[in-house]
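Dear colleague,

I am handing over the structure below, and my notes on what was found in it follow directly after. Please read them with the model open beside you.

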Amino acid sequence: MSANLSATLYLISGVLFILALRGLSSPETSRQGNLFGIIGMIIAISVTFLSLGNFTSGFIYVLIFLAIGGSIGAFIAYKIPMTAMPELVAGFHSLVGLAAVFVAISAFINPEAFDLGAPGSIKLASLIEMAIGAAVGAITFSGSVIAFLKLQGIMSGAPITFKGQHALNALLLILIVILTFYLCSTQSSNLFWILIAVSFLIGFLIIIPIGGADMPVVISMLNSYSGWAAAGIGFTLENTALIITGALVGSSGAILSYIMCKGMNRSFFNVILGGFGATAETKGDKSKEQRPVKSGNADDAAFLMKNASSVIIVPGYGMAVAQAQHALREMVDTLKKNDIKVSYAIHPVAGRMPGHMNVLLAEANVPYDEVFELEEINSDFANADVAFVIGANDVTNPVAKTDPQSPIYGMPVLDVEKCKSVLFVKRSLSPGYAGIDNDLFYKENTLMLFADAKKMTEDITKNL
Amino acid sequence: MEIDPFIFRLSIFILSIFVGYYVVWSVTPSLHTPLMSVTNAISSVIIVGAIIAALSGNEGVIFSSSSIYGFLAIILAAINIFGGFLVTQRMLAMYKKKKKDK
């Protein structure tokens, strides 16, 4: 296959990837978009085979390895529960990162295969691109592994901080630049290996100080990194499909991180520098006084909801932990039978990744046109009779609007307190990740339901 | 003077960032999780590089020091491609509209 033809086909597959993302602008077109993505991938892989024209025994092995990876991937995709989606995405990011590192290593060892010159005299531009691809890939890999371990609960979600952390990170970043510089002048393979090792270390150090609830930002950021790594390799291979895709994924992840940061009213650097939970906890301790709380049982909650004409449900990470989405939908079905209007309010940072709650509700067969974003629904709370908060906490805290001293001041929150009555399902009165008390607990019109989210929803349904 | 091909690639790259910017802003927030899983899948087009690396060995030596990395990268990227697209499809199939009948 001629170089021009294959370059054109790579371009087409890049365009198909753009259409794949474009399809996600609405659920109706999204499935078609996914199909475009798959076609784009098939084109890219076929073109690679055809342009290499190397159908020897090596080709058979490529197909075998492709099949092995493919079946592992397909198996995971069908088996994974929807609640584990954040872990899955973090895990997948780490694979992209590691694949980028491997391709870069291979290109470094055997540059002739990639048309980049001979070993020891690789073209300067290619060497820089390779170094960038490998470094970003390595950071993505080790960072995603830590994110995965934290999400999976293997590693504590609490931020790990130590003195001089930021200075060390900065030092290592400078070291990477220096290493790249010397790599270019000496072409030494030792330097290349050190560069990769230092990058692994940076990825690790960058993610350990970030707490569990900041995971939406971290996952989006790593998503972005995996894109930049792919783009770096794309430049090395002079491959348009890879460059386009890398740019798309890179900007996609960057936008998601931005949206997540805005949802918490924090700057990107504030999140990355980490240690949020640790500093906030000490502040919260001071105002610990016993305040009266009204608590109720499933019977009271059912009574309140039965007499309501509209109910707004506010789900949070706790719902995912308790796997309560199906029980919740059953409760809502019963409410709807009694002609009660029900809608769902989703805060941008509810859950552990962007859109986490929406997927869980979709899994439980909640129609997506009953689910609303913060801006769409916030004004409706004042007219609603009951707000049912299940597994959310900080995103409903009115302190964010009233107390400039509070660490979450300025964060957009759901105006739950404006409802006539609030039902708050929670296991205890303990504060959320930000370590601050939620004023909502002590309001006159709030009824606390201390129980496991799933069990409580089931009990309410029985009492309706 | 002839323009270095690198500049063309750079142009594609920069323009793609802008395309990505506008396309991703139009993605509805409820589909942000599928967005992440599908971007995951498409970024695994890095498999193109993995295949080139894997086939870089000559007839006699299929598994040379450089092609081994290619083969490993193929496995990783393939997991991502199949896993990413299939899990996206599984998620998107769940998004349903309200039924008209009551």
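**Where chain B meets chain A**

Between chain B and chain A there are 17 residue pairs in polar contact, both residues being at pLDDT 80 or more; a polar contact is a pair of N or O atoms within 3.5 Å, where within protein one must be able to donate a hydrogen and the other to accept it, and residues adjacent in sequence count only if both atoms are side-chain atoms. On the side of chain B that touches chain A, the elements giving two or more residues are H1, helix H2 (32-43), helix H3 (47-54) and helix H4 (65-92) of chain B, helices being DSSP runs (H or I, at least four residues) numbered from the N terminus. H4(B) gives the most to this side, with 24 residues.

This is a predicted model, in which local features need pLDDT of at least 70 and side-chain atom pairs count only at pLDDT 80 or more, while totals for chains, interfaces and linings use all residues. Residues are numbered from 1 along each chain as its sequence is written, chains are lettered from A and ligands numbered from 1 in the order in which they are written, and side-chain values use heavy atoms, with hydrogens and water left out.

Counting contact as heavy atoms within 4.5 Å, 77 residues of chain B are in contact with 106 residues of chain A. The area buried between the two chains is about 8,400 Å², of which carbon and sulfur atoms give 78%; buried area is the accessible area (1.4 Å probe) that two parts lose on being put together, summed over both. Met36(B), Ile46(B) and Leu55(B) supply 8% of the area that chain B buries against chain A, more than any other three residues.

**Salt bridges**

Between chain B and chain A the count is 1, and Arg9(B) forms a salt bridge with Glu238(A), with the closest N and O atoms 3.4 Å apart.

With kind regards

Methods:
Salt bridge = Lys/Arg side-chain N within 4 Å of Asp/Glu carboxyl O.
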